[in-house]
Amino acid sequence: MIVPAHHPAPELLLDYAAGSLREVQSLLVAAHLAYCPECRAQVAELEACGGVLLADLPPEPVSDSLFGTLMTRLDGAVATPPPVPAPAGKSLFPGPLRRAIGAEPEALEWVRVVPGVHLSAWGIGAGTASACLLRMAPRSRVPAHRHTDSEMLLVMKGGFSDEFGAYRVGDVASYDTGTPHHAVADADGECLCLLVQDQPLVFTGPLGWLLNRGFRF
Amino acid sequence: MLPKADSNDPTMPGHEQLLLAVARNRDSTAFRTLFDHFAPRIKAYMRRLGADSSAAEELVQDVMMVVWLRADRFDPALASASTWIYTIARNRRIDRVRQERRPELQPDDLMSDVGEEPAPDHQFEAAETAFRLRAVIGNLPPEQADVLRLAYYEDKVHAEISAERGIPLGTVKTRLRLALVRLRRAFEEGA
């Protein structure tokens with residue numbers, strides 16, 4: 001197993017550990033952590049930092065009755081069962097994504113963008129951010145598009161390259177607002193990614209008007 | 001008799017032992033001591049993040065319930081007591097206040113069979129690291145400490161910190177990265 005070479009930005013890991021990162025971006029970070037021992041260690045450190053900050057907060061007295069109320073509630077509470085174990089056999093999806101989707105890739109519906117490139121009908125959105133899956137056939141190209149906001153891709157199967165680098169399983173590719181890029185899937189197999197965007201994209205190029213009408217991706 | 005909890009003494013990881021007592025023996029005296037220490041801090045944390053006093057106490061109950069019910073999942077080799085309770089408080093707030101799911105990594109989510117983190121040298125290493133970390137945070141230059149506290153206490157992602165403080169995004173990122181480099185040293189010293 002090769003460890004990932006491309007990671008989320010350090011401040012994104014901080015936002016995740018601090019709890020300020022929103023759900024959609026947090027999903028991509030949590031899914032990357034499943035592949036990346038280095039980022040797991042960093043998040044653990046940043047959570048330790050949260051622990052120190054919590055311990056050092058000036059305490060605010062709580063109501064005298066609070067402990068009693070809590071103990072009454074606990075009397076009626078039962079221990080939560082341990083988390084449901086992963087299904088037998090290896091899932092293609094990392095755990096946080098598997099729990100968010102609740103299905104494997106073959107059970108999902110896909111929408112064709114251009115020949116060889118599909119987006120999942122599954123998606124989540126919160127605020128201006130959205131996530132869905134991107135599937136590319138070997139050697140296929142994602143149409144050129146420019147970003148009105150940021151975009152991140154997490155590779156879960158296969159790989160792709162663009163003008164900024166080559167991305168393999170577990171890698172995160174990040175693109176800032178206004179960074180055009182031309183992703184080409186590797187030749188040796190299908191590439192499956194989690195795609196997270198803030199704000200819809202605007203396609204450029206000859207088919208752009210059509211894509212922009214039909215697909216907000 | 002359990003040792004008195006003192007979070008400033010690295011040789012006496014009292015809160016960790018109290019949590020273990022709750023896990024092993026459902027020790028309600030230990031739980032009361034943990035409550036007395038952490039409830040006012042969890043309340044302060046929730047208040048900082050915008051909850052009013054009664055909503056904050058509601059969240060304190062939520063968090064302490066999870067502490068009681070899941071104490072058996074606390075591992076002092078992986079996290080200090082404050083760190084573990086911090087992550088519960090953070091996640092409960094996201095759940096309840098923001099009404100969002102918190103995508104979390106679970107122990108059996110790891111996609112590789114090898115390359116696992118080496119086990120810490122001894123049981124209370126996380127508590128000792130926290131002791132060094134506290135000193136590092138206390139000595140951060142004010143502008144670095146400020147962006148760090150905003151991230152943890154004001155629910156602001158770094159882009160929002162930039163907009164709110166009128167500091168260019170690049171400067172916020174630089175300050176955070178400098179702070180992160182310093183924090184990292186607290187962990188490397190222990191390695």
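**Before you click.** This is a predicted model, in which local features need pLDDT of at least 70 and side-chain atom pairs count only at pLDDT 80 or more, while totals for chains, interfaces and linings use all residues. Residues are numbered from 1 along each chain as its sequence is written, and chains are lettered from A and ligands numbered from 1 in the order in which they are written.

**Stop 1: chain A.** Select chain A and color it by secondary structure: there are six helices and 11 strands. Helices (H or I, at least four residues) and strands (E, at least two) are DSSP runs, numbered from the N terminus. Of its 217 residues, 40% count as buried. A residue is buried if 20 or more other C-beta atoms lie within 10 Å of its own, exposed if 12 or fewer, and partly exposed in between, with C-beta atoms placed from the backbone. Among contacts in chain A with a separation of 6 or more, 69% come from residues 24 or more positions apart; two residues are in contact if their C-beta atoms, placed from the backbone, lie within 7 Å.

**Stop 2: the two domains of chain A.** Now color residues 10-76 as domain 1 and 95-214 as domain 2; these bounds come from an automatic or database domain assignment. Where they touch, domain 1 of chain A gives 12 residues and domain 2 of chain A gives 18 residues. The domain 1 side holds eight nonpolar, two polar and two charged residues. Here Ala, Val, Leu, Ile, Met, Phe, Trp, Tyr, Cys and Pro count as nonpolar, Asp, Glu, Lys and Arg as charged, and the others, Gly among them, as polar.

**Stop 3: where the chains meet.** Show both chains: 55 residues of chain A and 66 residues of chain B take part in the contact. On the chain A side, the elements giving two or more residues are α1 (10-18), α2 (23-33), α3 (37-55), α4 (66-76) and α5 (95-101). Which of them gives the most? Select α3(A), which contributes 13 residues. By class, this side of chain A has 37 nonpolar, nine polar and nine charged residues.

**Stop 4: an annotated stretch of chain B.** Select residues 34-102 of chain B, which an unreviewed UniProt entry annotates as "domain: RNA polymerase sigma-70 region". UniProt positions are given in the numbering used here, feature names are shortened, and annotations may be inferred rather than shown by experiment. This stretch is 70% helix and 0% strand, with its end C-alpha atoms 25 Å apart.

**Stop 5: a bent helix.** Helix α2 of chain B (residues 28-48) bends by about 35° at Phe38(B), and Pro40(B) follows within four residues. The bend is the angle between axes fitted to the seven residues ending there and the seven starting there. After α2(B) comes Gly50(B), with a positive phi near 105°.

**Stop 6: three arginines.** Arg96(B) sits in helix α4 (residues 81-96) of chain B and touches Leu59(B) and Asp62(B), not counting residues up to four places away in sequence. Arg96(B) is partly exposed because 16 other C-beta atoms lie within 10 Å.

Most residues other than glycine have a negative phi. Arg139(A), however, has a positive phi of about 65°; look for Arg139(A) in the loop between β3 (129-136) and β4 (145-146) of chain A. Finish at Arg26(B), whose phi is near 50°, in the loop between α1 (14-25) and α2 of chain B.
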